[in-house]
Amino acid sequence: MTPRSQHWYAGTDRNAFIHRAWMRRGLPSDAFDGRPHIAIANTASDLSPCNSHLGEVAASVKAGVWEAGGVPLELPVPSLGETQLRPTAMLFRNLAAMAAEEMIRANPVDGVVLLGGCDKTIPALLMAAASVDLPAIVVPGGPMLTGHFRGVPLGCGTDVWRLSEEVRAGTLSQDRFLEAESSMIRSRGHCNTMGTASTMACMAEALGMTLPGVAGIPAPDSRLLERAHQAGRTIIEMVASDRRPSTVLTRGSFLNAIVALAAIGGSTNAVVHLLAIAGRAGVPLTLDDFDQTGAKVPLLVDLQPAGAHLMEDFHRAGGLRAVLNEMADLIDASAPTVTGRPIGEGLADAEIHDDTVIRRRTAPLQEEAGIAVLRGNLCPDGAVIKPAAASPSLLRHRGRAVVFDSIEDLRAALDDPDLDVDEDSVLVLRGCGPKGYPGMPEVGNMPLPAKLLARGVRDMVRISDARMSGTAYGTVVLHTAPESAAGGPLAKVRTGDMIVLDVAARRLDVELPDGELEAREPASASAHAAPARGWERLYIDHVLQADQGADLDFLTGSSGSEVRRESH
């Protein structure tokens with residue numbers, strides 16, 4: 001089979017001359033003799049601090065590609081720093097996926113190595129790779145090492161939420177809180193909790209899109225560079241075998257990812273990302289699959305925010321392969337991987353080395369911990385909650401709604417001593433979905449009212465059309481669909497309405513007489529985003545709802561790798 005890159009480089013006409021000549025900046029003549037050209041799609045950026053080390057990882061990939069007889073070519077793609085981008089990195093996930101897809105397709109490459117770390121980068125790269133469908137392999141950037149403050153391990157993200165609430169409660173001084181700032185981020189790498197970054201690295205491996213055992217290797221660990229080198233060699237073999245995402249990403253692969261998501265206590269954000277990746281790959285996957293496949297899966301990994309430990313411990317204890325071995329009867333062991341071998345091959349040899357971090361199946365942290373999908377008159381198209389990170393006593397609850405029309409409304413009112421709220425109230429935040437914000441920000445884990453914090457309250461039922469950080473915790477209902485800005489019922493809830501949450505029954509409802517909710521006028525849309533131009537305008541006009549992965553409607557599916565026309 002003629003390598004795809006030869007459609008650029010082979011021949012003696014002026015176009016082939018141009019393509020070769022402008023690449024002759026140190027490359028020898030035989031670089032264009034038909035050997036595979038490999039793009040290294042790199043999301044490194046100083047403004048994405050969790051990905052800032054990926055240049056070093058790329059160097060190891062390049063060495064592996066050269067060693068295996070290929071030509072490595074670094075391709076910078078948009079980098080999304082979760083901690084830096086406003087209004088939310090999720091607004092730009094689809095933009096990064098679209099840009100990466102177009103650049104991979106438009107360039108003379110035969111395969112691609114995907115380097116991501118921070119939350120949205122691995123999902124965006126997988127969406128792009130699925131749409132182009134050239135041989136592709138993921139190398140996750142890895143979590144940071146554990147930081148400590150006054151002798152106590154710090155979970156980045158999780159302890160930000162916890163400590164900031166203690167400041168508001170008056171139990172921790174502002175100075176002590178700020179002292180922790182320099183201790184939390186100990187090394188290069190992404191969040192060291194089982195937040196979205198760690199979760200999506202594990203999802204990439206569970207999908208078969210990484211080398212076995214790579215998810216969770218800490219960023220400073222030299223074994224990550226070893227695996228990056230190996231990935232560079234593997235992509236050459238993948239090109240030779242024509243092993244593409246369409247041959248790896250099967251329905252069984254996605255169901256394996258859902259099982260893994262439950263067992264590791266992974267981020268709710270994985271739901272929208274897996275739905276979007278499946279939509280690009282043409283694999284049938286729905287919100288209900290998360291409940292049907294993952295709901296009764298036990299939680300085995302004792303990591304923040306659902307547990308106590310951190311990612312460095314997870315890797316030391318055996319990592320994802322050890323978890324999959326414990327869940328071997330629940331996964332499709334025949335699901336393919338980028339290696340050309342099934343995911344179940346060699347799984348029996350993956351041992352748990354510390355069962356205080358990775359529990360045995362016979363002694364799980366929780367018996368049934370998968371993300372629960374709720375339905376009801378507040379979320380006819382679904383909503384999600386993570387029972388593993390919630391208060392068991394609140395998973396069945398009836399309370400009076402306290403409604404906020406925007407995040408600004410919430411922040412202005414939350415600490416007002418006259419706010420009519422108690423510990424049984426249900427905080428409702430709207431206008432924060434894909435269209436409304438725009439981009440569906442991580443604000444669903446609303447801070448609690450100051451006067452309740454002062455009385456010792458640390459969790460309440462919270463409902464929104466937003467997302468929350470994978471590092472966050474609490475009894476938080478997220479992704480209510482349709483969102484309020486798309487005409488969802490959340491737009492019609494009023495302060496004082498009684499809301500009933502019943503996770504066991506998978507219900508979320510507002511108690512109203514028949515027909516009253518439908519008859520109500522929705523809240524004012526004045527707080528909803530209304531951009532006049534640019535990406536935000538395009539996004540709002542075309543973004544799908546959370547239950548469909550929040551991709552753009554015209555980006556679902558695949559366009560393949562063919563480019564029909566020349567550039568000159």
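Analyst: Helices (H or I, at least four residues) and strands (E, at least two) are DSSP runs, numbered from the N terminus. The model is predicted: local features need pLDDT of at least 70 and side-chain atom pairs count only at pLDDT 80 or more, while totals for chains, interfaces and linings use all residues. Residues are numbered from 1 along each chain as its sequence is written, and side-chain values use heavy atoms, with hydrogens and water left out.

User: Which helix gives the largest share of the lining of the second largest pocket?

Analyst: On a 1 Å grid over the protein atoms alone, a pocket is an open set of points with protein on both sides within 12 Å along at least five of seven lines; a cavity is a set of points where a 1.4 Å probe fits but cannot get out, and lining residues have an atom within 4 Å of a point. The second largest pocket holds about 500 Å³ of space, where grid points are joined across faces, edges and corners and a volume is the space filled by probe spheres set on the points. Of its 24 lining residues, Pro3, Arg4, His7, Trp8 and Asp110 are the closest to the centre, and the elements giving two or more residues to the lining are helix 1 (6-9) and helix 10 (222-241). The largest share, three residues, comes from helix 10.

User: How many residues of the lining of the second largest pocket are charged?

Analyst: Ala, Val, Leu, Ile, Met, Phe, Trp, Tyr, Cys and Pro count as nonpolar, Asp, Glu, Lys and Arg as charged, and the others, Gly among them, as polar. On that scheme the lining of this pocket has eleven nonpolar and five polar residues, and the number of charged residues is eight.

User: What is the volume of the largest cavity?

Analyst: The structure holds four cavities of 30 Å³ or more. The largest cavity is lined by Asp405, Arg430, Ser484, Ala491, Ala523, Ser524, Ala527 and His528, which divide into three nonpolar, three polar and two charged residues. The volume of the largest cavity is about 60 Å³.

User: Is Asp159 buried or exposed?

Analyst: Asp159 lies in helix 6 (residues 158-169). Beyond its neighbours within four places in sequence, Asp159 is in contact (heavy atoms within 4.5 Å) with Pro153, Leu154, Ser164, Met184 and Gln304. Buried means under 20% relative accessible area, exposed over 50%, and partly exposed in between (1.4 Å probe, protein chains only). With a relative accessible area of 4%, Asp159 is buried.

User: Which cysteine has the sulfur nearest to that of Cys202?

Analyst: A disulfide is a pair of cysteine sulfur atoms within 2.5 Å, and the structure holds zero disulfides. Cys202 is in no disulfide, and the nearest cysteine sulfur, 14 Å away, is that of Cys191.

User: How many residues of helix 16 are buried?

Analyst: Helix 16 (residues 319-326) is mostly covered. What covers its buried residues includes helix 9 (196-206), helix 12 (251-264) and helix 15 (311-317).
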